[in-house]
Amino acid sequence: QKGSSGAKQEFTVIHDMPQWDLFPDKNIAIGRDIDASYTANRTDFKGFHFPGGDGSGSLWGLGHEIKGVTIKGKYQEIVGFIPYLDKAEVRDLKITNFHITGDNDSTIAAGGVTGHTGSSVKITNVHTTGTIKNAYQAGGIIGVIEKGTKIYDSSAKVDIDSSVDGSNSGGIVGSVFGFNDTSYIINSSASGRIYIDKNNNTPSNGAGGLVGAGNNLKIRQSYSDVNLLASEAVGGLVGIGSKIEIQDSYATGKVVSKIIGTGSTYAGGLIGMVFNFPDTAIIKNSFATGEVRAEVRPQWTVNYAGGLIGNYNRGLLSLGGKQNIKIINSYFNKETTGQSKAIGENDYQGGGKTTAEMKQKSTYQGWDFNNVWKAPTASSYPDLLQKEITAPQPITPPTPQPNPQPNPQPNPQPN
């Protein structure tokens, strides 16, 4: 069959996870729903690997489900269903009821699909549900993106808890490093909760409904309903980052940045803090409705909260940095967010609307209500036309042979 590059690929179909090791192949297809709960009894299990150890390969789920993967990470380990991906593709797969627990001194990266991606990784129509505890970089789909990775038509429902100092956690991705390569999240969503130190004594770095910390990142037609409680930079979509573009997206979850003791807090309806060169963010045709709050106890240091952005790092101006934050036709509910300003550390007042105004089509100037958005009603906010993100019906491949090498029929590439 043809992969996303158009080149012909042949696949090994597996029907149980132990067959992954028995029939090593760079191209794996999942032939039926698989119960992987046996991994809970394996303390040495760190995930499955493509042969060669370089992370390259293709995994096609054919709409099937793998449930119950359990991983116990140790200090400085990278863990996930596939710990490392590079020049790889994962598509049409459900990974449900996964559980990843890190070491108390922090597992370095953990994700429901993969802990770490290198370059040229594409994830399409992949859906995860599960929990992650005590990982330095944690995401419902990917722990850390090192270079350009593309995520399409995917979702994560994840609960993340951590007491690791300086951690980054996101509903889909923990951290995006891509300084020279842009990563994309398109038509994807996250729900659940992220709690970084429930006692608010440990400073995190970034916590976001989709991405904890991001650099060189574009988000399109995506949303988050993740409830967030963390310290330092917390955002409805992105916790902290730069070179961020958000378009046709929204956040509805609660955003709370709170710390007891020394530290600063920044909370934003969409982005917690814009930081680092070139210190840019563009928000277009997007909105936020969840409660936004930034607290420090005792109250003697800085805390900023905004309906769209909590804070931007003005200190970089003295180093030659140029602020380039653009907010275009984007709005926040000033009643439900509890905020009056779009940017916490700024006098910019635009974008704040009442609940009644947020439910009027005339509020949303320049929005595409034919192809992208469903218009608001008297009882609802605007919604994305492609919001219903679900995996396809499973495809049944041919009956397996002792060492099968069939060509499974893939699902059509989602639009």
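The model is predicted, so local features need pLDDT of at least 70 and side-chain atom pairs count only at pLDDT 80 or more, while totals for chains, interfaces and linings use all residues. Residues are numbered from 1 along each chain as its sequence is written, and side-chain values use heavy atoms, with hydrogens and water left out. The chain holds two helices and 38 strands; helices (H or I, at least four residues) and strands (E, at least two) are DSSP runs, numbered from the N terminus.

**The chain as a whole**

- Of the 415 residues, 57% count as buried; buried means under 20% relative accessible area, exposed over 50%, and partly exposed in between, with a 1.4 Å probe and protein chains only.
- The accessible surface comes to about 16,100 Å², and 47% of it belongs to carbon and sulfur atoms; such areas come from the Shrake-Rupley method with a 1.4 Å probe, and for residues only the protein chains shown count as cover.
- Among contacts with a separation of 6 or more, 77% are between residues 24 or more positions apart; contact means heavy atoms within 4.5 Å.

**Strands side by side**

- Strands of a sheet pair through backbone hydrogen bonds, either parallel or antiparallel.
- Strand 9 (residues 109-111) pairs with strand 12 (residues 137-139) in the parallel sense over two bridges, and glycine 111 has glycine 139 in strand 12 as its bridge partner.
- Elsewhere, strand 19 (residues 189-196) and strand 22 (residues 223-230) pair in the parallel sense over seven bridges, with glycine 192 partnered by valine 226.
- Strand 22 also pairs in the parallel sense with strand 25 (residues 250-251), over two bridges, and there serine 224 stands opposite alanine 251.

**Nonpolar cores**

- In soluble globular proteins, nonpolar side chains tend to be buried together.
- The largest nonpolar core has 78 residues, of which Trp20, Leu59, Phe81 and Ile271 touch the most other members; a nonpolar core is a set of buried Ala, Val, Leu, Ile, Met, Phe, Trp, Tyr and Cys residues joined through side-chain atoms within 4.5 Å.
- Strand 8 (residues 88-101) gives this core its largest share, six residues.
- Apart from this core lies another, of eleven residues, among them Tyr223, Phe287, Trp367 and Trp373.

- Glycine 239 lies in strand 24 (residues 238-247) and is buried, with a relative accessible area of 0%.
- Leaving aside neighbours within four places in sequence, the contacts of glycine 239 include Gly206, Val211, Ala233 and Ile271.
- Asparagine 216 sits in strand 21 (residues 211-220) and is buried at 6% relative accessible area; beyond residues up to four places away in sequence, asparagine 216 touches residues including Asn180, Asp181 and Ser242.
- Serine 119 belongs to the loop between strand 10 (114-117) and strand 11 (121-133) and is buried at 16%; not counting residues up to four places away in sequence, serine 119 touches Asp86, Lys87, Lys147 and Gly148.

**Salt bridges**

- The structure holds 13 salt bridges; a salt bridge is a side-chain nitrogen of Lys or Arg within 4 Å of a carboxyl oxygen of Asp or Glu.
- Aspartate 54 and lysine 26 form one of 2.6 Å, N to O. Aspartate 54 is in the loop between strand 3 (34-35) and strand 4 (57-67) and lysine 26 in the loop between helix 1 (18-22) and strand 2 (27-30), so the pair ties together parts that are 28 residues apart in sequence.
- Lysine 87 and aspartate 86 meet in a salt bridge of 3.3 Å, N to O; lysine 87 counts as exposed at 54% relative accessibility, whereas aspartate 86 counts as buried at 13%.
- Glutamate 291 and arginine 293 form a salt bridge with their closest N and O atoms 2.3 Å apart, and a network of salt bridges links Lys254, Glu291, Arg293 and Glu295.

Conventions: Pairing = 2+ DSSP bridges.
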